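Welcome, and please take a moment to look over the sequence and the model before reading on. We will walk through the fold, its charged contacts, its rings and its surface in turn.

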Amino acid sequence: KAPSSSTGEQVGRLEWWNENDAGVMAKIAVDRTASSNAPADLVFSTSANVDTTANGGDGDITERLRITSAGDIQIPVDGDKLQFGAGQDLSIFHDGSNTYLQNITGNLILKNNSTDYIIFKNSDASTEVVGNLDVGAGIDCTGTLNLTGNLSMTAELNFVGGSDTSRYIDAQTGTADGTHAFQIRAVTGGDSGHEVMAQFFGGAG
């Protein structure tokens with residue numbers, strides 16, 4: 001179909017119809033506010049069921065992607081994916097409730113060349129790291145893991161490697177007068193039910 005223009009919000013559009021001219025299969029439209037000279041958006045739409053489109057119109061057509069006049073790229077349908085790679089290996093999408101960065105081939109690597117680490121922030125940017133980081137299949141740390149809060153686990157903490165060697169737990173505990181100690185505790189009934197199983201004192205003396 002040749003480009004056509006309208007008097008509403010669409011100031012011009014290019015349509016692709018099915019072989020029987022029964023409905024629009026795809027459409028690219030230039031969209032802006034009616035009776036306005038404001039810059040326009042470029043809108044890409046497709047139809048999943050053109051055969052039932054009434055009277056050869058585009059009532060069943062759905063907007064899939066929009067490039068705004070400000071240069072933003074929008075995918076306005078929940079669940080529709082922005083995919084990368086020859087096998088669509090990386091997908092970014094929002095399902096209406098959560099946002100997903102999904103990789104199906106190789107490793108998912110987040111890299112910042114300027115600082116060599118990634119900072120996770122809350123929506124209000126008040127803290128550097130979100131409260132919980134859930135790693136379902138485990139995490140490999142080849143350097144130092146620095147924690148400023150608590151490390152909570154529902155499974156085991158194992159110190160294993162490729163060979164038999166010494167393993168260390170370093171703790172800064174203060175003086176040897178019993179004021180501070182490295183403690184191993186059992187927990188029953190929540191944080192208020194700690195039972196000291198072992199104490200290790202360090203420092204001078």
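A residue is called buried when its relative accessible area is under 20%, exposed when it is over 50%, and partly exposed in between, using a 1.4 Å probe and protein chains only. By that rule aspartate 41 is buried, because its relative accessible area is 15%. Before going further, please note that this is a predicted model, in which local features need pLDDT of at least 70, side-chain atom pairs count only at pLDDT 80 or more, and totals for chains, interfaces and linings use all residues. Residues are numbered from 1 along each chain as its sequence is written, and side-chain values use heavy atoms, with hydrogens and water left out.

Let us start with the overall picture. The protein has 0 helices and 10 strands; here helices (H or I, at least four residues) and strands (E, at least two) are DSSP runs, numbered from the N terminus. Of the 205 residues in the protein, 12% are buried. The accessible surface comes to about 16,200 Å², and carbon and sulfur atoms hold 49% of that surface; such areas come from the Shrake-Rupley method with a 1.4 Å probe, and for residues only the protein chains shown count as cover.

Now for the charged side chains. How many salt bridges does a search of the whole structure find? There are 4 salt bridges, each defined as a side-chain nitrogen of Lys or Arg within 4 Å of a carboxyl oxygen of Asp or Glu. One of them joins aspartate 41 and arginine 66 at 2.9 Å, N to O. Aspartate 41 lies in strand β3 (residues 41-47) and arginine 66 in strand β4 (residues 61-67), so this pair ties together parts that are 25 residues apart in sequence. Arginine 66 counts as buried because its relative accessibility is 13%.

Arginine 66 also meets glutamate 63 in a salt bridge of 2.9 Å, N to O, and glutamate 63 is partly exposed at 24% relative accessibility. Aspartate 31, found in strand β2 (residues 24-31), is buried with a relative accessible area of 13%. Asp31, Asp41, Glu63 and Arg66 are linked in a network of salt bridges.

Elsewhere, arginine 64 and aspartate 80 form a salt bridge of 3.4 Å, N to O. This pair links distant parts of the chain, with arginine 64 in strand β4 and aspartate 80 in the loop between β5 (73-74) and β6 (82-84), 16 residues apart.

The rings come next. Rings of Phe, Tyr and Trp (its six-membered ring) pair if their centres lie within 6.5 Å, and planes under 30 degrees apart count as stacked, over 60 as edge-to-face and the rest as tilted. This gives 2 aromatic pairs. Phenylalanine 93 and tyrosine 100 are stacked, because their ring centres are 4.9 Å apart and their planes are at 15°. Phenylalanine 182 and phenylalanine 200 make a tilted pair, 6.0 Å centre to centre with 40° between the planes.

Finally, look at the surface. Leu145, Leu147, Leu151, Met153, Leu157, Phe159 and Ile169 form a nonpolar patch with about 740 Å² of accessible area together. Patches are made of residues with over 30% relative accessible area and no salt bridge, where like charges are joined within 9 Å and nonpolar side chains (Val, Leu, Ile, Met, Phe, Trp, Tyr) within 5 Å. Phenylalanine 159 sits in the loop between β8 (99-103) and β9 (182-187) and is partly exposed, with a relative accessible area of 47%.
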